[in-house]
Amino acid sequence: MNAQGADLKPVFLPFALPDIGEAEIAEVVECLRSGWITTGPKTARFEKEFAQYIGGGVEAIAVNSATAGLHLAVEALGIGPGDEVIVPVHTFTATAEIVRYMGADPVFVDVEPGTLNMDPTKIEAALTPRTKAIIPVHYAGLACNMAPIIEIARRNGLKIVEDAAHALPTTFGGANIGTLDTDATVFSFYATKTLATGEGGMLVTRNPAIAKRAKIMRLHGISRDVFDRYRAGGAWYYEVVAPGYKYNMTDVAAALGIHQLSRLAEMHSKREAIADIYRAAFGDLPLVQPSTAPSGDVHAWHLFPVRVTAAAGISRNELVERLGAKGIGVSVHYVPLHMHPYWRDRYHLKAEDFPASTAAYESMVSLPIYSKMSRDDVDRVVSAVRDALGEKRA
Ligand SMILES: *Cc1c(COP(=O)(O)O)cnc(C)c1O
């Protein structure tokens, strides 16, 4: 770009970028040269290493998206027509759509005004005799308060599937998400997530029945037991035991995942450092900063959502515009589900029934936070936010 161009239009800082290193690239090339590009040895290795990383004796089942993993989890739990599943309203549509895949109905609850995680005190009022499960979302990478959620589930005979799309690495009470006393946990490796394989996901569970069913259903309902039993005599024989899906992970994606996983701690410490810089730099501004993890726990910092307060004197939209003018890519997490036509109309949802989510949505902006950001990039975001809010102080 020439100097004049740079003056007119600042270099654009993307909202999110994957952090792909040379090891990932070499492993993908090796995969391509090997001739085995779909599910195979690299997927098996990624599953094994991921399960070891999470710990607690979990089994890890690789899939081609977190949406697929969530679908497999509710399918394995036998959720079906007539059933209800509790979901937070402040999430991505995938959390709720997989309930509809099963012909069941999501029941939406509001979030805590601070953390924007599912409000455990709102769950009991949403229960009916049809309620079968709860899907908490660890928003932005901060664990939900899982103790009351697990307690409510236990008392009412409900299953729990954790949407951990943001939660790698995240802990609750010192334990890795994925090892809590729940039925299944699903991570996302979408391009913008904290571990990126382009598209991909991982279902982890300690329940052998769920693991077995998910492994059958992720590949056309083909029973692996039969496949393995007959492999010695001839690889051609297999049995279809259910109308399954095409949700398997490719070895190309797993090649990325293996090295992303080995770099997770390094990438996470960079996200943490950016969060620390932002928090310190914005302390005097009219902003609500994102909640931090309780001491001793880990926040994945997938997102850094700030909220403008009334004292800012500018709207969220104005802040987005001012940051955009300075070349800072931002996003909003999320347009709550009750504001999307499908969910709003299908379930007659009203904004006033979700005051915390609605208020957060109206004032929120997610700032760039990813390990590829340089110190200059971070400083640019800080100056842009400070400039956009003028001399206004909290
Ligand atoms: C990204 C995301 C998903 C879906 O992940 P995919 O891997 O893209 O299917 C689900 N839930 C939440 C909260 C997400 O952010």
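A: Happy to! In this predicted model, domain 1 (22-262) and domain 2 (264-388) each contribute at least three residues to the lining of the second largest pocket. That pocket has a volume of about 460 Å³. Its lining is made up of 27 residues, and those nearest the pocket centre are Phe92, Ser188, Tyr190, Thr192 and Lys193. If you sort the lining by class, you get 13 nonpolar, 10 polar and 4 charged residues.

As for secondary structure, helix 4 (66-76) and helix 5 (94-101) each supply at least two residues of this lining. Helix 4 gives the most, with 3 residues.

Now for the ligand. It is surrounded by 16 residues, and the closest are Thr67, Asp163, His166, Ser188 and Lys193.

Through its side chain, threonine 67 places a polar atom 2.5 Å from a ligand oxygen. Serine 188 also uses its side chain, with an N or O atom 2.7 Å from an oxygen atom of the ligand. Alanine 66 takes part through its backbone, where an N or O atom lies 2.8 Å from a ligand oxygen. Taken alone, the ligand exposes 380 Å², and the protein buries 93% of that.

Rolling a probe the size of a water molecule over the atoms shows where empty space is left. Here the structure holds 2 cavities of 30 Å³ or more.

The largest cavity contains about 90 Å³ of space. Around it are 13 lining residues, with Thr115, Tyr139, Pro290, Ser291 and Pro305 nearest its centre. By class, that lining has 7 nonpolar, 5 polar and 1 charged residues. Domain 1 (22-262) and domain 2 (264-388) each provide at least three residues of the lining of the largest cavity.

About 70 Å³ of space lies in the second largest cavity. It is lined by 13 residues, and closest to its centre are Asp19, Lys193, Thr194, Arg271 and Ser371. The lining of the second largest cavity divides into 6 nonpolar, 4 polar and 3 charged residues. Because domain 1 (22-262) and domain 2 (264-388) both give residues to this lining, the second largest cavity lies between them.

Finally, here are some backbone details for your checks. The peptide bond from leucine 168 to proline 169 is cis, with omega near -5 degrees. Proline 169 sits in the loop between strand 5 (159-163) and strand 6 (171-172). Another cis peptide bond joins histidine 333 and tyrosine 334, with omega about 10 degrees. Tyrosine 334 belongs to the loop between helix 12 (316-325) and helix 13 (341-347). Histidine 220 has a phi near 60 degrees, a positive value in a residue other than glycine. You will find histidine 220 in the loop between helix 8 (208-217) and helix 9 (224-231).

How values were computed:
Residues are numbered from 1 along each chain as its sequence is written. This is a predicted model: local features need pLDDT of at least 70, side-chain atom pairs count only at pLDDT 80 or more; totals for chains, interfaces and linings use all residues. Side-chain values use heavy atoms; hydrogens and water are left out. On a 1 Å grid over the protein atoms alone, a cavity is a set of points where a 1.4 Å probe fits but cannot get out, and a pocket is an open set with protein on both sides within 12 Å along at least five of seven lines; lining residues have an atom within 4 Å of a point. Grid points are joined across faces, edges and corners, and a volume is the space filled by probe spheres set on the points. Helices (H or I, at least four residues) and strands (E, at least two) are DSSP runs, numbered from the N terminus. Ala, Val, Leu, Ile, Met, Phe, Trp, Tyr, Cys and Pro count as nonpolar, Asp, Glu, Lys and Arg as charged, and the others, Gly among them, as polar. Domain bounds come from an automatic or database domain assignment. A residue is near a molecule or strand if one of its heavy atoms lies within 4 Å of it. A polar contact is a pair of N or O atoms within 3.5 Å; within protein, one must be able to donate a hydrogen and the other to accept it, and residues adjacent in sequence count only if both atoms are side-chain atoms. Accessible areas come from the Shrake-Rupley method with a 1.4 Å probe; for residues, only the protein chains shown count as cover.
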